[in-house]
Amino acid sequence: MSDFSEEVTKPISEDDQVETSVLTGTGMYFPWLQKHLETVVTGGKKKKDFAQTTSACLNFIQEALLKHQWQQAAEYMHSYLQILEDSDSYKRQAAPEVIWRLGSEILFYHPKSNVETFSTFADRMKNIGVLNYLKISLQHALYLLHHGLLEDANRNLSQAETWRYGEKSSSQEILINLVQAYKGLLQYYTWSKKKTELSKLDEDDYAYSTATQNMLSESWKTSVNICALIKTPGVWDPFVKSYVEMLEFCGDQDEARKILTNYAYDEKFPSNPNAHIYLYNFLKREKAPRAKLLNVLKILYQIVPSHKLMLEFHMLLKKSEKEEHRKLGLEVLFGVLDFAGCTKNITAWKYLAKYLRQLLMENHLVWVQEEWNSRKNWWPTFHFSYFWAKSDWKEDTDLACEKAFVAGILLGKGCRYFRYILKQDHQVLRKKIKRMKKSVKKYSIVNPRV
Amino acid sequence: MELEEAKEFKERCSQCAAISWGLTDEGKYYCTSCHNVTERSKEVINTEAIPNAKIKTINRGLRRKRKCEKGWDWFVCEGFQHILYQQAEALKALGVGPELKDEVLHNFWKRYLQKSKQAYCKNPIYTSGRKTKVLEDNISHSDWASEPELLSDVNCLSFVESGAESQSDAQTQKSFPLTKASQPESASVCSGSLDGVEYSERKEKGILKMTVPRTLAFCYLSLLWQRETITLSDLLRFVEEDHIPYINAFQHFPEEMKLYGRDKGIFTIESWPDYEEIHKNMIEVATFLDLPRFPDITEACYLHPSVLSMKYLMEVNLPDEMHGLTCQVVKMTGIGEADFLTFDPIAKMAKTVKYDIQAVAVIIVVLKLLFLLDDNLEWSLSDLAEIHNEENKQDKPWFDFRKWYQVMKKTVDEKKQKWEETRAKYMWKSEKPLYHSYIDRPVVYKRREMVVNLQKQFSALVDSTPTVEKKSPSSFQFNWTKEDADKTCFHGHSLQGILIKKGQSLITKNSLYWLSTQKFCKSYCKHVTTYEESNFSLSYQFVLNLFSFLLRIKTSLLHEEVSLIEKKLFKKKYSETKQKSSRSRKVRRH
């Protein structure tokens, strides 16, 4: 439950905080400040026992949820519902959301609960405090989806979509958009299913043309639903992805490009690596010129220098004629290997080994030294320790060889990693290691004069 | 009754021409033969009659139906009377003698009504500032013109009974002019009672207004007068355990007594009673009622510290032998004197002894005398006791403080946990919700319905056996007689090993003592001392916490009481330390 509820509430969390907590200018959030303010409001008067016991009750519920004691949680919930009748109107208004969150969590996991119970609860909660209607409808729909009840979910979303409540509905426009977008996502799902069915049909078949017809109308409906949402700043990956897929299928490449470009480059949107990845993949499919691809990846490199696309980026840079691109190509490789998650990426090491040899052959020693200077005090222990030499050799001899070569180049032939690998007398790799020894002697940056 | 009231209406029925009218719930006339309802309603016809209307007894009210919310006319004081009645009945069910309700509480309440000029006097407060005339002959009926001897009065016993029981006794006839007529019913400020609005705004000097917590003050005063075996902390605990109506007591008002608007502020309560608050209220009420000196508290009374300390020794599983020491402390400090113990509201500084707290404080002082409670001596004494008990398994065991601590700590922690859970599950809201005004009404009722529905849903998820079963009332919270492996009973353990024989008498092995308060606060801030937990030994903290949980009071209150007893016990030392500017914390015991 919490997985998707998190996702749903993210874009609107800002409105939330205005209601329930103190929002500072910098967007920081101090939960304790609210508590402090509350006591100021009551004028230092002693808290009523009602307030004390209900907040104790809340703590018990949270504890029970934490320990997965659904039974106890339900028991306390029974008492906690009183807060809906709190004489403090501030608390009374905040209560429905709290109750919804706790209650839906309990009903999601409780062994005696079922779809019916959950739906009754959701329907009741929707009508307490109108402001929560959309949020609850959406989460209700997600719950139904989780249980595979697509049609019910769709019906729920359609209902929520038409919900209007005076001025309140305009302030919740984004939620309505989200509801519509989820509806669109459901339509995408059916469309996608049809697509796979279609791929099994013969193109000359009569059924084929009707099926395509249907699909086109389906995608048109979806576009209406998703369009509004993805124009508002936010992270809408699944929506964008499915929408673009449908556009591409219909042959509307321009619209797809427009949407992806906007999603990646509009400054109002939060920084999102996926936006650039989608755009890159799209351009690659389109066989766009290298310059364009490089531009997209350059931005991705700024955001996620460890992404696996960086190796593709390196290959593109390597092929470039421009000096600065070729220099960047080295930078990118070093950048990838800076990350602990990439230390065993054999492709990255292979590329680095190859590229180092190439660059040194072309007398670009300065470039290499430049990159190496900032790393020479931590890479040796990070990559080239005796421990790593042993374990790498044990796990993957190819990786160990590539690394040993790089180590030799960067640290000289005296380095422990290199020496360890050299000492290993391996039947198959003997020739390779010999060659490696030779190159290291020739190109190592440690004593280039010799 | 309704048919009688409809007798004034003499027109013929437009449908069947009969003259036989009854009154509908809305106060409209209907024909009893053909059930035709007229547009004419009772109020319109009756207006001239209102000033002359008589109310037979206060708690019956007039059964005249009102336009907006059908119900009786009733006064706020009747509401409190009803609560007191319920509480008295509950106390009776707990085993308190019936005189408490019929004589003592009844008379206190009558006296209150008189002193606050609400009844039994020439010019009841309801006439002040109003144009309504009270006919003189109405008053001449009653013999309340001269102040009655309240406490010996047995004439009007039936007065406090519920409406059903009371007879219309000429003696208790009382004139209540109706004030409701002057209140615009459509206004947002309204109340179900006749004088709710006025009552909540009234601020008269010298008049003690009735509140829900004060009903408990009345109860406790009556218990004290009767010298019953219920202490204030017991009473409040019974309230918390729902044995005595308090929170939502208005729920049990007769159906026709409607509450809304300002009544909400008067009768709803969202906190359990607080010891200090009720104690203060009790003194205020007693002073306001101008009550004479209460019956003496002698050694035969339950509230006497010697008796109460025995009770609390049993409650916390301490050896019976300690009782001798507590009695000695009581004697030395003089807190066992009847003059000290008896409540006398007329005395200049009306002050009552907090009997339960005092008895407990005496036990703590004794514990300090025996074990010092400095986180050191009590443990080394425990070591000795343990060794002795190991070697002499047949003898009466020596009291082992450590063992006692372990048993008590575990039991109390469990109890406290359960207590907190029960409190967290407490249902505060009444089944019949109160609202501020008519606009509110549907909203409030809908909200109530919603909560009930949601509750049903969640209770369906819970196992059918309710986890919070109602405890039967008991003045003991622990039971040590049961044979239980980890619940050793220490009642029979001996204090040998802590006491040594010296000549004829026994004296404590420990000759040291430390005072809980070195210097008493003399400013005007009302408290005599403060309690900063971290300044005290862990054993002392444990003992204080244990007892204050037992009595449901703040630890600082108990600490204060301990200090006050020490002040009496070490009077001489206090004057000495004052001179020596209290250099040492430890005072040698004489």
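Buried area here is the accessible area, taken with a 1.4 Å probe, that two parts lose on being put together, summed over both. With that in hand, let's walk through this model, which is a predicted one.

## Where the chains meet

Chain A and chain B bury about 3100 Å² between them, and carbon and sulfur atoms give 61% of that area. In residue terms, 34 residues of chain A are in contact with 28 residues of chain B.

On the polar side of things, 16 residue pairs are in polar contact across the interface of chain A and chain B, both partners being at pLDDT 80 or more. From chain A, the helices α4 (49-66), α5 (70-80), α6 (89-109) and α7 (115-126) each bring at least two residues to the side that touches chain B. Sorted by class, that side of chain A has 14 nonpolar, 12 polar and 8 charged residues. The salt bridge count between chain A and chain B is 3. A:Glu75 and B:Lys425 meet through their side chains in a salt bridge, at 2.8 Å from N to O.

## The nonpolar cores

The largest nonpolar core has 134 residues, and A:Trp236 and A:Leu352 touch the most other members. Leaving out residues up to four places away in sequence, A:Leu352 touches A:Leu330, A:Leu333, A:Phe334, A:Leu337, A:Trp379 and A:Val406. Another core lies apart from it, with 133 residues, including B:Trp72, B:Cys77, B:Ile247 and B:Val366.

## A covered helix in chain B

Helix α11 of chain B (residues 305-315) is mostly covered, with 8 of its 11 residues buried. Which residues of α11(B) are buried? They are B:Pro305, B:Ser306, B:Leu308, B:Ser309, B:Lys311, B:Tyr312, B:Leu313 and B:Glu315. These buried residues of α11(B) pack against α8 (232-240), α12 (322-333), α13 (338-341), α14 (355-371) and α18 (538-551) of chain B. After α11(B) comes B:Asn317, which has a positive phi near 70 degrees.

B:Glu78 sits in helix α3 (residues 76-93) of chain B. Is B:Glu78 buried or exposed? B:Glu78 has a relative accessible area of 2%, so it is buried, the cut-off being under 20%. The C-alpha atoms of B:Glu78 and B:Phe253 are separated by 10.0 Å, though the two are 175 residues apart along the chain.

B:Ser116 is found in the loop between α4 (99-115) and α5 (136-141) of chain B. At a relative accessible area of 1%, B:Ser116 is buried too. What does the side chain of B:Ser116 reach at 2.7 Å? That would be the backbone oxygen of B:Tyr112. A polar atom of the B:Ser116 side chain also lies 3.4 Å from the backbone oxygen of B:Leu113.

## Salt bridges

Over all chains, the structure holds 39 salt bridges. Here are some of them, with the N to O distance.

| Pair | N to O distance |
|---|---|
| A:Glu75 and B:Lys425 | 2.8 Å |
| A:Lys403 and A:Asp392 | 2.9 Å |
| B:Asp339 and B:Arg293 | 3.2 Å |
| B:Glu89 and B:Lys92 | 4.0 Å |

Take the salt bridge between A:Lys403 and A:Asp392, with N and O 2.9 Å apart. This pair links distant parts of the chain, as A:Lys403 is in helix α23 (residues 397-411) of chain A and A:Asp392 in helix α22 (residues 386-395) of chain A, 11 residues apart. Both A:Lys403 and A:Asp392 are buried.

The salt bridge of B:Asp339 with B:Arg293, at 3.2 Å, also links distant parts of its chain: B:Asp339 is in helix α13 of chain B and B:Arg293 in the loop between α10 (275-289) and α11 of chain B, 46 residues apart. B:Asp339 counts as exposed because its relative accessibility is 60%, while B:Arg293, at 33%, counts as partly exposed.

Then there is B:Glu89 with B:Lys92, a salt bridge at 4.0 Å. These two are 3 residues apart in helix α3 of chain B, so about one helical turn separates them. Residues three or four places apart on an α-helix point the same way, because there are 3.6 residues a turn. B:Glu89 is partly exposed at 27% relative accessibility, and B:Lys92 is partly exposed at 33%. Salt bridges with shared partners join B:Glu89, B:Lys92, B:Lys101 and B:Asp102 into one network.

Notes:
Residues are numbered from 1 along each chain as its sequence is written. Chains are lettered from A and ligands numbered from 1 in the order in which they are written. Side-chain values use heavy atoms; hydrogens and water are left out. A nonpolar core is a set of buried Ala, Val, Leu, Ile, Met, Phe, Trp, Tyr and Cys residues joined through side-chain atoms within 4.5 Å. Buried means under 20% relative accessible area, exposed over 50%, partly exposed in between (1.4 Å probe, protein chains only). Contact means heavy atoms within 4.5 Å. Helices (H or I, at least four residues) and strands (E, at least two) are DSSP runs, numbered from the N terminus. A polar contact is a pair of N or O atoms within 3.5 Å; within protein, one must be able to donate a hydrogen and the other to accept it, and residues adjacent in sequence count only if both atoms are side-chain atoms. Ala, Val, Leu, Ile, Met, Phe, Trp, Tyr, Cys and Pro count as nonpolar, Asp, Glu, Lys and Arg as charged, and the others, Gly among them, as polar.
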